[in-house]
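Biologist: Please walk me through this model. I would like to learn how to read its features one by one.

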Amino acid sequence: MERRLDNFYIEKLLKGETDCFASIVEKYSKQVFSLIVRIVGNREDAEELTQDTFMKVFKSLRSFHGDSAFSTWLYRIAYNIAVSATRKQKREVSYIEEGTLPEIADEESEGSWEEDLQNARLEYLQQALKMLSGDDRALIMMFYKDNLPMNEIASVTGMSEVNVKTRIFRIRKKLLTKIKTMEDNI
């Protein structure tokens, strides 16, 4: 159903009915923005790159041949634009500063110790995710947050499925190492 609706809009666009593009933007803008913000780590840059993505999609629509789902083609464009932007800016990895880690209370109340530990681990995970490169953060989020299958991640990123699996495995190891380091520094 989704594919047919996308194809309907694409056909109308290719015939010159540019008003249909608003429907595509409305349908996919949140997902595209979410993907891009994970890579670049900055909302303002992500908003601009999301606009750039849709401009490129509009200009390149004739090159979409339907070999994959339109959404996969669109996400690949967004992914490439975001990765290119991060490479141009050569963002430095942000390091954890003192005071950014949650303080653990000296006194323990019943049941709160497990809750504090869980909250601290979530905070560590968020900090560790921020330390990853944009590529790595996007891959891990596509897999775990968006629940995309390996073959779709491979299509979006242009990697083989084996390479995607390997990269996700390595990223998980990086995250675990970073989290353990943070826990050891308490």
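Modeller: First, the ground rules. This is a predicted model, where local features need pLDDT of at least 70, side-chain atom pairs count only at pLDDT 80 or more, and totals for chains, interfaces and linings use all residues. Residues are numbered from 1 along each chain as its sequence is written, and side-chain values use heavy atoms, with hydrogens and water left out.

Biologist: What pLDDT does the chain average?

Modeller: pLDDT is the predictor's confidence in each residue, from 0 to 100. Here the chain averages 79, and 81% of the residues score at least 70.

Biologist: Which residue has a positive phi although it is not a glycine?

Modeller: Most residues other than glycine have a negative phi. N147 has a positive phi of about 55 degrees. N147 sits in the loop between α6 (134–144) and α7 (150–157).

Biologist: Is N147 buried or exposed?

Modeller: Buried means under 20% relative accessible area, exposed over 50%, partly exposed in between (1.4 Å probe, protein chains only). N147 is exposed, because its relative accessibility is 60%.

Biologist: How many salt bridges does a search of the whole structure find?

Modeller: Side chains of opposite charge can pair when their charged atoms come close. The criterion is a side-chain nitrogen of Lys or Arg within 4 Å of a carboxyl oxygen of Asp or Glu. The search finds five. One of them joins R38 and D146, at 2.7 Å from N to O. R38 is in helix α2 (residues 21–40) and D146 in the loop between α6 and α7, 108 residues apart. R38 is buried at 7%, while D146 is partly exposed at 33%.

Biologist: Which residues do salt bridges with shared partners join into one network?

Modeller: Start with R167 and D136, whose closest N and O atoms are 2.7 Å apart. R167 lies in helix α8 (residues 161–184) and D136 in helix α6, so the pair ties together parts 31 residues apart in sequence. D136 is buried at 6%; R167 is partly exposed at 22%. K174 also bridges to D136, with closest N and O atoms 2.6 Å apart. The network is therefore D136, R167 and K174, joined by salt bridges that share partners, and K174 is partly exposed at 38%.

Technical notes. Helices (H or I, at least four residues) and strands (E, at least two) are DSSP runs, numbered from the N terminus.
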